[in-house]
Amino acid sequence: MTAMNKALVVGVGALDGLGASVARRAAAEGLHVYVAGRTAARLEAVVAAITADGGRATALVTDATDEASVIAAFEAVARAPGTLELTVFNAGNMAAGLIAEMDAGFFEAAWRIGCYGGFLVGREAARRMLPAGGTLIFTGASASLRGKAGFGAFASAKGGLRNLAQALARECGPAGLHVAHVVVDGGI
């Protein structure tokens with residue numbers, strides 16, 4: 001296998017979703033893209049679209065809220081030749097519900113997907129991409145900046161993810177790992 005630089009996109013679902021779009025763009029830029037998400041059929045559809053366009057992609061069934069699963073995804077990427085140049089964390093859900101009526105498990109699930117998953121991916125990216133550097137991107141939403149009625153769990157997760165990204169940027173930026181949090185405002 002010829003060595004080529006690699007990208008790992010965690011949080012790839014629907015073919016017309018943001019994760020798949022980011023993966024297709026990374027492949028168009030010449031990276032071998034590892035698409036990671038929970039649903040094998042959706043991942044394979046993205047891989048097929050990328051390969052049909054002449055790119056290279058590999059599906060990795062990954063649960064961003066499970067530490068062993070995230071580590072396994074990074075290990076799979078590391079086993080292939082080339083340098084991991086880009087990691088994108090895009091996992092999330094638009095968990096809606098009124099706080100006064102919310103079950104604690106619902107809130108925790110939103111946090112696990114939107115923030116804890118970002119911690120696991122960010123930590124592994126930092127461990128594996130430093131000192132060579134590269135880029136780590138976290139996708140956010142307007143909820144990263146402000147809470148909205150009916151979206152307290154989602155806003156808490158996205159706000160926490162934004163602060164995590166800022167801390168990682170300050171820790172890893174001076175060593176050559178560019179960390180960004182990108183607000184994608186609006187439903188996809």
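The model contains an open sheet of six strands, paired in parallel and arranged in the order 3-2-1-4-5-6, where strands are DSSP runs of E with at least two residues, helices are runs of H or I with at least four, both numbered from the N terminus, and two strands pair if DSSP finds at least two bridges between them. Strand 3 (56–61) and strand 6 (177–183) stand at the edges with a single partner strand each, so one side of each is left without a neighbour in the sheet. From one strand to the next, the twist averages 15°, with angles running from 0 to 180 degrees between the N-to-C directions of axes fitted to C-alpha atoms, for helices over the stretch in contact. Helix 2 (residues 40–52) packs on the sheet, where it touches strand 2 (32–37) and strand 3, and its direction makes about 175° with that of strand 3; contact here means heavy atoms within 4.5 Å.

The structure is a predicted model, in which local features need pLDDT of at least 70 and side-chain atom pairs count only at pLDDT 80 or more, whereas totals for chains, interfaces and linings use all residues. Residues are numbered from 1 along each chain as its sequence is written, and side-chain values use heavy atoms, with hydrogens and water left out.

Strand 4 (residues 84–89) and strand 5 (residues 134–140) pair in the parallel sense over four bridges, and Thr 87 stands opposite Leu 136 in strand 5.

Buried denotes under 20% relative accessible area, exposed over 50%, and partly exposed the range in between (1.4 Å probe, protein chains only). Leaving out residues up to four places away in sequence, Leu 8 touches residues including Tyr 34, Leu 60, Phe 74 and Leu 86.

Under the criterion of two cysteine sulfur atoms within 2.5 Å, the count comes to zero disulfides. Cys 115 is in no disulfide, the nearest cysteine sulfur, that of Cys 172, being 16 Å away. Cys 115 is buried, with a relative accessible area of 12%, and Cys 172 is likewise buried, at 4%.
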